[in-house]
Number of protein chains: 2
Amino acid sequence: MDRYYSHEDRQLVAVDCVIFGFDDQELKLLLIKRNMEPAKGLWSLPGGFPKKDEGLDQAAERVLSQLTGLKNVYLEQLYAYGDVDRDPGERVVSVAYCSLIKIEDYDKDLVKENNAHWRPVNDLPDLVFDHLVMVEKAMRRLRRRARTQPIGFELLPEKFTMPQLQSLYEAIYQKELDKRNFCKKMLSMRMLDKLDEKDKSTSKKGAFLYRFNPEKYEQLLADGFYFTVDVKTKK
Amino acid sequence: MDRYYSHEDRQLVAVDCVIFGFDDQELKLLLIKRNMEPAKGLWSLPGGFPKKDEGLDQAAERVLSQLTGLKNVYLEQLYAYGDVDRDPGERVVSVAYCSLIKIEDYDKDLVKENNAHWRPVNDLPDLVFDHLVMVEKAMRRLRRRARTQPIGFELLPEKFTMPQLQSLYEAIYQKELDKRNFCKKMLSMRMLDKLDEKDKSTSKKGAFLYRFNPEKYEQLLADGFYFTVDVKTKK
């Protein structure tokens, strides 16, 4: 192969995925118990190296899909980590990605085969290398986004109750929110369709189910609407 | 050297810098006319390869300082570009950085030696590889940030007039703004110190000079203030 850049050092480039899921109560992260060196036996984000014919995005999609069976889910690049000594194995630039998945959708067998586990974000084990820094950056972005975009909806089932939506926002912000304010704010944004169905799993009376309406949201954005979520805490 | 990751391919990792400057009227980009292959004779962003002892951030800082003589200026990572065939030379992952500098500060001799030129963002030449994609992403981020953070102040001289500040925002949004609204909005945020000096270079009467007050801004943020810039266009 012709090498224009013959005098330059090549190095390893990896992708690591911060995969969030939500199970009605807790925001969780999908983590791997490493069974290889370096850092064998410790916890890490799922990751890998791009193959010859893969760009960074495709590599991250493959890591996510090999682990969860999921394709075409929300996945975006978070940040490239390039400190010289961030990996004790050798110099590795790692490009971190962030994904939000519906926790009900993933393939349980695949996750088990890969020695992966869902761990609550507010009770994480020690992570290898700079993986905790990646997680913290992903959390900050998730909080910022959830304030200005309906990003959290990626984490919910297609139909959800208002208490479920509130639990998600409480998990993202790690704060208890005021129920009445939250509900009012959410409905005032008119991006939810109230369905004629109720979820009766948690009470006799049941709770109405809602569905996020992406068309209405796009229209709101086009009209210059700026989505903001009131994160006022419970009094 | 022990290689834990012995079976993996190493590849080139580069940094490229989107360097914005503002000269009172126009927002400009610092571009290089390439004198080496690939793409000799075409325009590109300033960039380079991290040295053995440099992380990504340090490499970007070096590229910026070798070209402009500036250190400790605003510089942040933008995005990692990793498509397999983005560089015709060979596979290169490029981590783009974005910088805002006061156009009066840079070292003119260094820029000349490096075959670099300031080009207005609304009249850019063709750029190599995916460098235009990088510039567009940087512009989108600059617009978003300027709406919620006083980021544009990095581009102004320490003391500036209200018309200069307005010109900057007009250059960032590529829109004419309403003078009265803009001034009112800016002053209402109380993050500018009005000085007892006037700039008399553009009129006999002169225009008062202002200075950005970062302490006031930090206090506003701590109080839960959310900076938003009215980008209503001129009627």
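Predicted model: local features only at pLDDT ≥ 70, side-chain atom pairs only at ≥ 80, totals over all residues.
Residues are numbered from 1 along each chain as its sequence is written, and chains are lettered from A in the order in which they are written. Local features need pLDDT of at least 70, side-chain atom pairs count only at pLDDT 80 or more, and side-chain values use heavy atoms, with hydrogens and water left out.

In chain B, helix α4 (residues 162–173) packs against helix α5 (residues 179–188) at an angle of about 105°, with the axes 11 Å apart; the two helices are therefore roughly perpendicular to each other (65 to 115 degrees). To this contact (heavy atoms within 4.5 Å), α4(B) contributes B:Met162, B:Leu165, B:Gln166 and B:Tyr169, while α5(B) contributes B:Lys179, B:Phe182, B:Cys183, B:Met186 and B:Leu187.

Over all chains, 14 aromatic pairs are found (rings of Phe, Tyr and Trp, the last by its six-membered ring, with centres within 6.5 Å; planes under 30 degrees apart count as stacked, over 60 as edge-to-face and the rest as tilted). Among them, A:Phe49 and B:Tyr5 form an edge-to-face pair, 5.2 Å centre to centre with 65° between the planes, and this pair crosses between chains. Within chain A, A:Tyr169 and A:Phe182 form a tilted pair at 5.7 Å and 50°, linking helices α4 and α5 of that chain across 13 residues.

The charged end of A:Arg119 sits over the ring of A:Trp43, 5.0 Å from its centre (CZ of Arg or NZ of Lys within 6 Å of the ring centre and within 35 degrees of the ring normal), and B:Lys194 lies over the face of B:Phe208 at 4.4 Å from the ring centre.

Methods. Axes fitted to C-alpha atoms, helices over the stretch in contact; angles between N-to-C directions. Helix = DSSP H or I, 4+ residues; strand = E, 2+ residues; numbered from the N terminus. Parallel < 35°, antiparallel > 145°, perpendicular 65-115°, else oblique.
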